[in-house]
Amino acid sequence: TKIIVPPSLPHVAIHWGVAALFARIKASELIHVLKLLLIERSVLVVGQSSDLVTACACAFLELLKPYEWASNFMPLLPTNMIGFVNSPVPFLIGMVVESKQDTIDLENDGHVIQARAEGLTIVNLSTRTVRFTTEPEIVETIEGCPTPITQVTSIQKKFKPIFKKSTSLKSFPSFIAGGLSRTELSTIDAIRRVIFEYLKGLAGDYFFMTMPRSILLGLACDVKVIFIVPSNHIGNIAKNPFGWKSYGKYNDAMDTFDFYPSLFVDSLRKQLQLLTFRLQYLEMMAYSQLFVEFVDVQRRTSLAQSAAKKTIGKMVRDWKRRRSSLCSESSLLDLRTTSSQLLEEF
């Protein structure tokens with residue numbers, strides 16, 4: 001008999017919210033918005049539908065995992081409270097307006113313009129655009145920090161035809177009524193996995209290399225020192241048989257290959273620049289309340305797991321001890337029974 005396993009029930013924020021975001025916002029811009037949230041910069045989600053705005057605002061919280069948003073979150077805020085965007089406390093809020101022109105007018109509001117200079121980014125679902133913060137150096141740092149843009153963009157290209165054909169993803173009522181197909185669910189889950197692994201890697205996936213200090217400094221001690229190295233430098237020439245082609249030009253007239261050290265140095269300089277942006281971003285992220293709480297959760301979780309392992313280990317040891325004791329008593333009882341039987345025979 002054929003066993004059919006039904007797909008899991010769809011989740012509003014995880015599935016419809018994420019799908020709505022990726023259907024309207026470029027993958028690269030969406031990743032940059034998440035990176036801004038990680039360093040506790042405010043985000044305002046604007047649209048014409050309360051269902052859509054609320055779901056997309058909640059979707060940002062889901063996409064931030066394994067981190068938890070530690071500041072203000074209001075999925076819906078009345079437009080007459082627009083002055084809240086000047087709050088010094090980081091926030092993620094949604095706001096509903098009546099028309100597409102109202103969303104543009106909202107972006108040009110004096111409160112919003114001032115807030116953008118202080119870190120606010122606007123995600124406009126109606127115009128399908130993102131107005132990034134004008135805070136000095138922030139956007140440059142965000143864009144310079146390496147991101148999995150290619151992977152997410154590739155998945156987004158595959159997702160767009162699915163979104164156009166889907167009836168469930170067109171509106172919230174149709175989503176509730178019809179749910180999602182296996183293809184739609186698997187595509188959305190693939191997007192979430194790529195983003196999750198990338199954000200998780202920010203907490204420990206660095207371009208670091210350790211070498212014994214004794215080798216480098218001629219010392220007797222063997223203390224390891226950390227060096228920051230680009231992921232693709234001299235190793236590209238040493239490990240890749242054709243890596244040298246990237247750093248020179250072939251001279252047809254002389255039938256020779258001319259190596260240009262400047263090309264190699266420029267490549268190295270660009271990679272070091274990207275690494276500098278990455279370190280700047282990670283420094284801002286490390287001092288955020290979001291990251292401090294993430295570390296604390298990791299600490300409490302690991303301690304709880306360690307305590308659980310000790311308790312389980314003690315239970316196993318006690319069980320083995322009791323079992324050994326019972327086996328010994330059983331063996332002694334069998335020996336006594338055998339002895340009694342032999343005596344009766346004699």
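By salt bridge I mean a side-chain nitrogen of Lys or Arg within 4 Å of a carboxyl oxygen of Asp or Glu. Asp318 and Lys314 are four residues apart in helix H13, so about one helical turn separates them. Lys314 is partly exposed, at a relative accessible area of 47%. On that scale, buried means under 20% relative accessible area, exposed means over 50%, and partly exposed is in between, using a 1.4 Å probe and protein chains only.

Before going on, a word about what we are looking at. This is a predicted model, in which local features need pLDDT of at least 70 and side-chain atom pairs count only at pLDDT 80 or more, while totals for chains, interfaces and linings use all residues. Residues are numbered from 1 along each chain as its sequence is written, and side-chain values use heavy atoms, with hydrogens and water left out.

Now, the helix and strand names. Helices (H or I, at least four residues) and strands (E, at least two) are DSSP runs, numbered from the N terminus. Two strands count as paired if DSSP finds at least two bridges between them.

In what order do the five strands of the open sheet come? The order is S2-S3-S1-S4-S5, and the pairing is mixed. At the edges sit strand S2 (72-74) and strand S5 (129-131), each pairing on one side only. On average, neighbouring strands of this sheet are turned by 15° against each other, direction ignored. For angles, axes are lines fitted to C-alpha atoms, for helices over the stretch in contact, and the values run from 0 to 180 degrees between N-to-C directions.

As a reminder, strands of a sheet pair through backbone hydrogen bonds, either parallel or antiparallel. Here, strand S1 (residues 43-47) and strand S3 (residues 91-96) run parallel and are joined by five bridges.

Helix H3 (residues 50-63) touches S1, S2, S3 and S4, and its direction makes about 165° with that of S3. Helix H2 (residues 27-38) lies across S1, strand S4 (121-124) and S5, at about 140° to S4. Contact, by the way, means heavy atoms within 4.5 Å.

Let's go back to salt bridges: the structure holds five. One of them joins Glu135 to Arg41, with the closest N and O atoms 2.9 Å apart. Glu135 lies in the loop between S5 and H6 and Arg41 in the loop between H2 and S1, so this pair ties together parts that are 94 residues apart in sequence. Both residues, Glu135 and Arg41, are buried. Another salt bridge links Arg131 and Glu107, at 2.8 Å between the closest N and O atoms. Arg131 is in strand S5 and Glu107 in helix H4 (residues 100-107), so parts 24 residues apart in sequence are tied together. Arg131 is partly exposed at 29% relative accessibility, whereas Glu107 is buried at 7%.

In that loop between S5 and helix H6 (138-144) we also find Thr133. Is Thr133 buried or exposed? Thr133 is buried, with a relative accessible area of 4%. Leaving aside residues up to four places away in sequence, Thr133 touches several residues, including Leu36, Arg116 and Ile138.

On to the rings. A search of the whole structure finds four aromatic pairs. Rings of Phe, Tyr and Trp (its six-membered ring) pair if their centres lie within 6.5 Å; planes under 30 degrees apart are stacked, over 60 edge-to-face, and the rest tilted. Phe84 and Phe91 have ring centres 5.5 Å apart and planes at 55°, so this pair is tilted. Phe84 is partly exposed at 23%, while Phe91 is buried at 1%. Phe291 and Phe294 also make a tilted pair, 5.9 Å centre to centre with 35° between the planes. Together with Tyr67, Phe291 and Phe294 form one aromatic cluster.

Last, the cysteines. How many disulfides does the count come to? The answer is zero, where a disulfide is a pair of cysteine sulfur atoms within 2.5 Å. The sulfur of Cys58 is 9.4 Å from the closest cysteine sulfur, in Cys56, which is too far for a bond. Cys56 is buried at 0% relative accessibility, and Cys58 is partly exposed at 23%.
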